[in-house]
Amino acid sequence: MKELSKVRHFVYNCRKCGLCGNKVSAKVPYVCPVREHTEGFEHFYAKGKITIAQGLFEGQIAPSPELTEIIYSCSLCGNCLTQCGIIDQDSGLPLTDPPQIIEAMRADLLREHPEWIAPAYHAMITSTSQYDNPWGLPRVTKERWAKGLSVRTIQEEPSEILLFTGCTIPSNPALIPRVQKAVAILNKANVDFAILGKDEPCCGSVQRRVGAIDLAQEMREKNISMFNNLGISTIVTLCAGCYHTLKVDYQKAEPPLKPKVYHLVDFLSQLITQQKLIFTHTQNLKVAYHDPCHLGRHSGIFDPPRDILNALPGITLVERRATRENTICCGAGGGMRLFANGTLAEKIGKASLEDAMATGAQAVVTACPFCEINLTSAAGQMNHPMPVYDIIDLMTKGLRLEE
Ligand code: SF4
Ligand code: SF4
């Protein structure tokens with residue numbers, strides 16, 4: 001219980017009030033998506049998982065395969081932390097932090113009982129060690145998508161700005177247009193940028209979430225040293241998970257990551273304000289924006305995507321009940337697409353789409369490949385599937401970069 005011991009104070013500061021499972025208000029239809037879409041037993045939400053952590057400390061509960069499954073039934077969305085809200089009056093910091101407790105238990109279980117961890121997580125970890133890509137694809141995947149496009153690698157010619165594509169988008173044929181469209185938009189705004197191509201590393205986000213914290217730390221140290229010696233001043237990420245990892249985890253590390261880090265939506269919203277991107281095409285569409293947990297609640301990027309949507313001619317933005325810091329996870333976070341064959345993740349995603357539909361929205365827009373994959377797959381379970389777009393899709397149309 002090495003990692004759990006490091007967050008012992010969080011375990012014992014929990015008041016066991018249960019708000020992280022029961023709170024309801026106009027903006028919080030429910031807190032924990034896992035509890036809401038399972039049988040609702042206490043171990044499915046934060047209070048129960050913290051009680052288990054306490055039981056482990058006090059020797060009342062022993063680790064087991066069943067307990068491992070419970071600890072992996074969490075999307076690490078962080079809504080429990082937001083809704084709990086107990087803070088230290090002096091420091092202003094949370095007194096308890098359920099996602100950190102859950103991540104620590106996963107790390108200990110993976111170290112001490114790897115035989116209980118689902119094979120899909122082991123495959124992801126092995127693939128990272130082999131290819132520096134969690135999805136089992138070779139390094140060349142990171143540059144194949146760029147063939148024939150007007151984009152150079154930083155090895156060919158240095159650049160101040162690095163476009164960090166992440167592993168998930170270039171590895172998934174359905175998502176590859178996302179990075180190709182991002183390149184077209186940046187070129188339209190005359191941004192001088194480069195990519196790393198096949199030398200782009202994995203950031204280590206998904207590995208950390210499933211408990212492989214030693215591997216994630218090794219990747220972080222290697223990557224920080226590489227980025228700091230690349231001669232760049234700015235990194236622009238396409239993926240919400242990469243953004244949070246680079247902006248928060250890497251910049252808090254010692255030594256820290258030096259280049260500034262932006263998520264693409266933040267970077268592009270600034271280009272719109274500077275009038276470097278002018279929309280000329282009107283799309284008549286009412287949309288609801290889905291705040292990705294890692295971009296919104298975990299990183300505080302709420303306004304830039306909404307600014308973009310409000311700037312797009314013909315787009316009407318409507319808000320769902322749970323938005324911004326109260327957003328409900330799409331269901332894919334924390335390795336949940338790999339948990340229970342993705343059925344729980346899809347169930348959570350379907351509920352999210354139905355909530356968006358209730359606002360009268362004709363489509364859902366997001367800015368994270370994990371949300372897009374899971375919500376699209378959940379839409380397939382609906383009688384009348386709701387279209388799911390990435391914000392880049394709507395920008396490309398608004399700029400007439402595709403007809
Ligand atoms: S995590 Fe917070 S909201 Fe949940 S039981 Fe503990 S103190 Fe209450
Ligand atoms: S992080 Fe999200 S899924 Fe996990 S216990 Fe908290 S609210 Fe539930």
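The structure is a predicted model, in which local features need pLDDT of at least 70, side-chain atom pairs count only at pLDDT 80 or more, and totals for chains, interfaces and linings use all residues. Residues are numbered from 1 along each chain as its sequence is written, while chains are lettered from A and ligands numbered from 1 in the order in which they are written.

**Domains**

Colour the protein by domain: domain 1 (2-117), domain 2 (132-271) and domain 3 (279-398), with bounds from an automatic or database domain assignment. Next, select domain 1 and domain 3, whose centres, taken over C-alpha atoms, are separated by 26 Å. Between them, 15 residues of domain 1 are in contact with 19 residues of domain 3; contact requires C-beta atoms, placed from the backbone, within 7 Å. The side of domain 1 that touches domain 3 comprises seven nonpolar, seven polar and one charged residues. Here Ala, Val, Leu, Ile, Met, Phe, Trp, Tyr, Cys and Pro count as nonpolar, Asp, Glu, Lys and Arg as charged, and the others, Gly among them, as polar.

**Ligand 1**

Centre the view on ligand 1, which 15 residues surround, each with its C-beta atom, placed from the backbone, within 6 Å. The closest are C14, C17, L19, C20 and C84. At least two shell residues come from each of α3 (19-22), α5 (46-57) and α7; helices are DSSP runs (H or I, at least four residues) numbered from the N terminus. The largest share, three residues, belongs to α5. By class, this shell holds 10 nonpolar, two polar and three charged residues.

**Ligand 2**

Move to ligand 2, again surrounded by 15 residues, of which C32, A46, C74, C77 and C80 are the closest. Two or more residues of this shell are given by each of α4 (33-36), α7 (79-84) and α8 (98-112). The shell contains 12 nonpolar, three polar and no charged residues.

**Helix α8**

Select α8 itself. Its 15 residues reach 21 Å from first C-alpha to last, close to the expected 21 Å, a span defined as 1.5 Å times one less than the number of residues. Of these residues, 12 are buried (20 or more other C-beta atoms, placed from the backbone, within 10 Å of their own), including E103, R106 and D108.

**Residue N374**

Finally, select N374 in helix α19 (residues 369-379). N374 is buried because 28 other C-beta atoms lie within 10 Å. Not counting residues up to four places away in sequence, N374 touches C330, G331, A332, R337, A345, E346 and G349.

Note on methods. Contact = placed C-beta atoms within 7 Å.
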